[in-house]
Amino acid sequence: MHACEPIAGLRSHGKGANRTILDCLFRRNGGGKAVFLPPRGPRAPAASLRARFRVSGAVPLAADKKGLEIVTTASSADHPTRRDFLYVATGAVAAVGAAATVWPLVSQMNPDASTVAAGAPIEVDLTPIAEGQDIKVFWRGKPIYISHRTKKQIEEARAVSVSSLPDPQSDEARIKPGHDQWLVVVGICTHLGCIPIAHEGQYDGFFCPCHGSVYDTSGRIRQGPAPTNLAVPPYTFVSDTKIQIG
Amino acid sequence: MSGPSDFQPTNPALKWIERRLPIMGLMHSSFVAYPTPRNLNYWWTFGAILSFMLGVQILTGVILAMHYTPHADMAFKSVELIVRDVNYGWLLRNIHASGASMFFFAVYIHMFRGLYYGSYKEPREVLWILGVIIYLLMMATGFMGYVLPWGQMSFWGATVITNLFSAVPYFGESIVTLLWGGYSVGNPTLNRFFSLHYLLPFVIAGVVVLHIWALHVAGQNNPAGVEAKTEKDTVPFTPYATMKDMFGVSCFLLFYAWFIFYMPNYLGDAENYIPANPAVTPAHIVPEWYYLPFYAILRSIPNKLAGVVAMFGAIIILAFLPWLDSAKTRSSKYRPLAKQFFWMFVVVCIGLGYLGAQPPEGIYVIVGRILTFLYFAYFLILLPLLSRIEKPRPVPNSIADDVLAKSGGKAAPMVSTVIALMVAGGLLLGGAESARAAEGSTKPPAQKWSFSGPFGKFDRGAMQRGLKVYKEVCASCHGLSFVAFRNLAETGGPGYSVAQAQAFASEYKVKDGPNDQGEMFERPGRPADYFPSPFPNEQAARAANGGAYPPDLSLITKARSYGRGFPMFLIDFFTQYQEQGPDYVMALLQGYEDKPPAGFNLPEGSYYNTYFPGHAIKMPKPLNDGQVTYDDGSPATVAQYAKDVTTFLMWAAEPHMEARKQLGLQVFVFLILLTVLLYFTKKKVWANAH
Ligand code: FES
């Protein structure tokens, strides 16, 4: 039918075996005699391909290059733009489809609707917490410490010079104005996520047993490997004795 | 896989790797340079389709396992949570569940293709046997996967299939106990089935590698059944076979997507939307359609052990095919008798499939026995005999000659066969349908639903009214336990705002706790809470309802169905009719008769309902004209109530139906475009080979 024998060609022409298809198509399109042979350098076909991509206005896709460039270059002898356009369009549509398929496969890893719904704000009644006491509540699976601080603790927190702290932040910025005695922090060590123990450590605040981070009565990091202060969750005072976390 | 490759990468880094692990050379010689016969038809693309399906099943399966809970008490619920709450969970589940059917559909075509073209003959015996092993593994995997949702069919399917092993003499009972991990099918059974269902696909993948290896050693068979001799007979795998396979996969995806997005329950059993209940066996245990022929063989034999042996024998016999059929000519194209008998065998298989779904009584048993005999006769009598007496037509000298001989017009037989196969497959599926039809009740009239068809959407007004009907009437006996108040405000739902859903929830008292004193307490409902059930447990519900258990309504419109009969079920596939459940619920609500027809013996405490199977229902007529006040001016009639509450319950059963249909439309537009482009690309590529 034609002079081209792909498998034989595979072994006899060119350096890369996949270039034989190219050789193959070339000779056929030229009707047996190679009319237009590009330079044999390994990068030459790709270069001419890129040039034509610009003509047809399409963007070359990395994924398509290997499979299609040979054929594309080769076929340029008879229908340069129509054939190229077809291959590029098919590759582009397939790539779009593949990318769109990845979306649900990744998106399913996010928290599902019931988890999101269960993460709704919670209300906590503060009346049972006596001065000097603290409680732990759970919100979104995280322990939240609510401390009813003593006068002494508040003073301690405010006595220190803010600029000397590893993560400078004033105590006032970490509580709600008018509710100085209430400290609400996420009880998760900012080092690697252990739960610090309340009322421990030399600053009368929190002490993390995992790697020895020490937090003060404002939940600020004072010593140890943790880089930042204990996070303050979003919360508001619904009334003087009730807060809403979230 | 076909000998050393002379492939050499040019990139120095790749070269470095290649010298140490010639993986690129392996890939290149297996999937690029590998010579494939140039006369392969589209039946040969099913190999690629199967590889693709295995990939899809493993990928979606691994993902589903991230959300699934293999515990008898939670499995059913976790599957519902996947479908309702996980992002795109409904899509992933539909892909996986219909994927199983598509996988078997493709494997049957692949097997029949091998049978027709003699692909099992020397030197491809091992290749064929590996295929039979894959098929057996697929059956085991499919069966165990079907058990995982832990619905009624899952549970009873598991019971029936594991009990097959009790037929083994002496050790039967011990084997069954071993399989169960208990004295009956239960949580340990579910756990091990989950573990094995996760494992086996990877075993399949391993055997597939061997299968492809063996294929690449022997080379592909082809429609002419003559070996490739010269290079003129072959084309390199890439781009020729690759493009053709991609086009084949793309066409297959169109078919597959029809199920995923429009007919997700067409191949399933409504019964499996009822949670497993060890105390009640469904009226008809019907396995998935792909097991039906073997199920028919099992039931045709009146002896337990013999039946089980016959059933497994029907599969094992395939492995001996290379020696049962010793004819020298491979392809049935050149075997005038074998060709005809092949098609008769196909009909026998489909017939067995049909019978597998019928109740085992009367004429079905007799026909079942005849077809079982014919099935085995094909392998044990006919093929050995044919290879001795048949005079085959001359085969072409070479593949190249075969290609030259038929220029054009070769697509026609393929198309007609595909249509014939689709009709036949439909018949098989229809068999499963008619089993349900046989239950002896009046068929509910088909209604017009706003949510039916490819563009269907829920009628928001109807849903809101339906919710009112549910709350004021149904909720006194029926739970809605899979629906949360937050769902009322979700897109595709009844169209309430978040604040409205919150207000609605707060009207309910929800049990919570324990509090710091260790006591349970009641608090107003929150959006995250689920509709509270009227009874704390099934026993309490039965005690309050004269022994009957008012079913939870979350899934009722999917858990009820009725047979559509021939040819409606076939037409339904094309019209996307899926509303048997809503039709039934709506008819049931209106189907009460004050007086049963003469001669009907209504048991004490029951009511006569035209559409209830058996007609004696324990639920008194629930709806009466004027019972619920509508504030939007809709008529306060039983018909309107029934329609509204059914619409609401359809949404409750599938809250993402609108999303499913919308995405389906986009996917179809995309797939059609891709398929057309692939077709022309394939044509252009192949233009060089002809
Ligand atoms: S996690 Fe707390 S110190 Fe490391």
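**Aromatic rings in a predicted model**

Me: Why is B:Y34 called buried?

Reply: B:Y34 has a relative accessible area of 3%, and buried means under 20%, with exposed over 50% and partly exposed in between (1.4 Å probe, protein chains only), so B:Y34 counts as buried. This is a predicted model, in which local features need pLDDT of at least 70 and side-chain atom pairs count only at pLDDT 80 or more, while totals for chains, interfaces and linings use all residues. Residues are numbered from 1 along each chain as its sequence is written, chains are lettered from A in the order in which they are written, and side-chain values use heavy atoms, without hydrogens and water.

Me: What makes B:F237 buried?

Reply: The relative accessibility of B:F237 is 15%, so B:F237 falls under the cut-off and counts as buried.

Me: Why is the pair of B:Y34 and B:F237 called tilted?

Reply: Rings of Phe, Tyr and Trp (its six-membered ring) pair if their centres lie within 6.5 Å, and planes under 30 degrees apart count as stacked, over 60 as edge-to-face and the rest as tilted. The centres of B:Y34 and B:F237 are 6.3 Å apart and their planes stand at 55°, so the pair is tilted.

Me: Why is the pair of B:Y378 and B:F379 called edge-to-face?

Reply: Their ring centres are 5.3 Å apart and the planes are at 80°, which is over 60, so the pair is edge-to-face. Both B:Y378 and B:F379 are buried.

Me: How many aromatic pairs does a search of the whole structure find?

Reply: The search finds 67 aromatic pairs over all chains.
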